[in-house]
Amino acid sequence: MLAWLAVVLLAVLACVIVMVGMFATAWRRTLAQVEASGLRYRMRCESCGHEFSLSPREFARIGMRRSRSATRTRVEGPMLVNEPHYRYVAKRFVCPACGEKVWCENLNANEARDAVNPIALRNFGLALAVLVVIGFAVRAVLA
Ligand SMILES: [Zn+2]
């Protein structure tokens, strides 16, 4: 009985490891492909108004983020995609002009979303359930 329990626990553990591995691989691929697409995030410091640009890798850095959006549902192949239309996206960064860590508005959030979505869909498209959950995670960080 105990042996079976150990087998079941190991199987669950293996599934979790595979899922984490899939997520990590897809995430690395997505980030590399978004970088390769040449997408730049145009940012504007909300304190001094200075405009600067960031690479996807720099933009994806962990930090506070806030946004306002309206969600539109769209059909993409066999899937329903919930696509946010951003009115406002900002993230806290150290402004290169005033040197303060302040809210910086992302001026091309919808353009970034259009560049990131197809890449994310391709890499995370293995399972719809996985895609929905991870798609939100990707958007939360990248778009
Ligand atoms: Zn500034």
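Student: Leaving aside its neighbours within four places in sequence, which residues is alanine 115 in contact with?
Tutor: With those neighbours left out, alanine 115 is in contact with Val34, Ser37 and Leu39. Two residues are in contact here if their C-beta atoms, placed from the backbone, lie within 7 Å.

Student: What sort of model is this, and how are residues numbered?
Tutor: This is a predicted model, where local features need pLDDT of at least 70, side-chain atom pairs count only at pLDDT 80 or more, and totals for chains, interfaces and linings use all residues. Residues are numbered from 1 along each chain as its sequence is written.

Student: Which helix holds alanine 115?
Tutor: Alanine 115 is found in helix H3. Helices (H or I, at least four residues) and strands (E, at least two) are DSSP runs, numbered from the N terminus.

Student: Why does alanine 115 count as partly exposed?
Tutor: Because it has 19 other C-beta atoms within 10 Å. A residue is buried if 20 or more other C-beta atoms lie within 10 Å of its own, exposed if 12 or fewer, and partly exposed in between, with C-beta atoms placed from the backbone.

Student: And how far is the C-alpha of alanine 115 from that of glutamine 33?
Tutor: They are separated by 9.9 Å, while lying 82 residues apart along the chain.

Student: OK, helix packing. At what angle do H1 and H3 pack?
Tutor: Helix H1 (residues 2-36) and helix H3 (residues 109-124) pack at about 150°, and their axes are 9 Å apart. Axes are lines fitted to C-alpha atoms, for helices over the stretch in contact, and angles run from 0 to 180 degrees between N-to-C directions.

Student: Which residues meet there?
Tutor: On the H1 side, Ala26, Arg29, Thr30, Gln33 and Val34; on the H3 side, Ala115, Val116, Ile119, Ala120, Asn123 and Phe124. These divide into 7 nonpolar, 3 polar and 1 charged.

Student: How many residues of H1 are buried?
Tutor: H1 is hardly covered, with a count of 3 buried among its 35 residues. Those are Ala26, Thr30 and Val34. An α-helix has 3.6 residues a turn, so residues three or four places apart point the same way.

Student: What span does H1 reach?
Tutor: From its first C-alpha to its last, H1 reaches 50 Å, close to the 51 Å expected at 1.5 Å a residue. The expected span is 1.5 Å times one less than the number of residues.

Student: What follows H1?
Tutor: Glycine 38, whose phi is positive, near 85°.

Student: Back to valine 34. What is it in contact with, leaving aside neighbours within four places in sequence?
Tutor: Leu39, Pro56, Ala115, Val116, Ile119 and Leu142. Val34 is also listed with Cys104, Ala112, Val116 and Leu142 as having the most contacts inside the largest nonpolar core, which has 19 residues. A nonpolar core is a set of buried Ala, Val, Leu, Ile, Met, Phe, Trp, Tyr and Cys residues joined through C-beta atoms within 7 Å.

Student: Which element supplies the largest share of this core?
Tutor: H3, with 6 residues. H1, strand S1 (41-45), strand S4 (79-94) and H3 each supply at least two.

Student: Switching to the arginines. Why is arginine 42 partly exposed?
Tutor: Because 16 other C-beta atoms lie within 10 Å of arginine 42. It is found in strand S1. Leaving aside neighbours within four places in sequence, arginine 42 is in contact with Glu51, Ser53, Leu107 and Asn108.

Student: And arginine 72, exposed or buried, and why?
Tutor: Arginine 72 is exposed, because it has 10 other C-beta atoms within 10 Å. It is found in strand S3 (residues 65-76). With neighbours within four places in sequence left out, arginine 72 is in contact with Glu83 and His85.

Student: Last one: how many helices and strands in the chain?
Tutor: There are 4 helices and 5 strands, running α-β-β-α-β-β-β-α-α from the N terminus on. Of the 143 residues in the chain, 21% are buried.

Conventions
Ala, Val, Leu, Ile, Met, Phe, Trp, Tyr, Cys and Pro count as nonpolar, Asp, Glu, Lys and Arg as charged, and the others, Gly among them, as polar.
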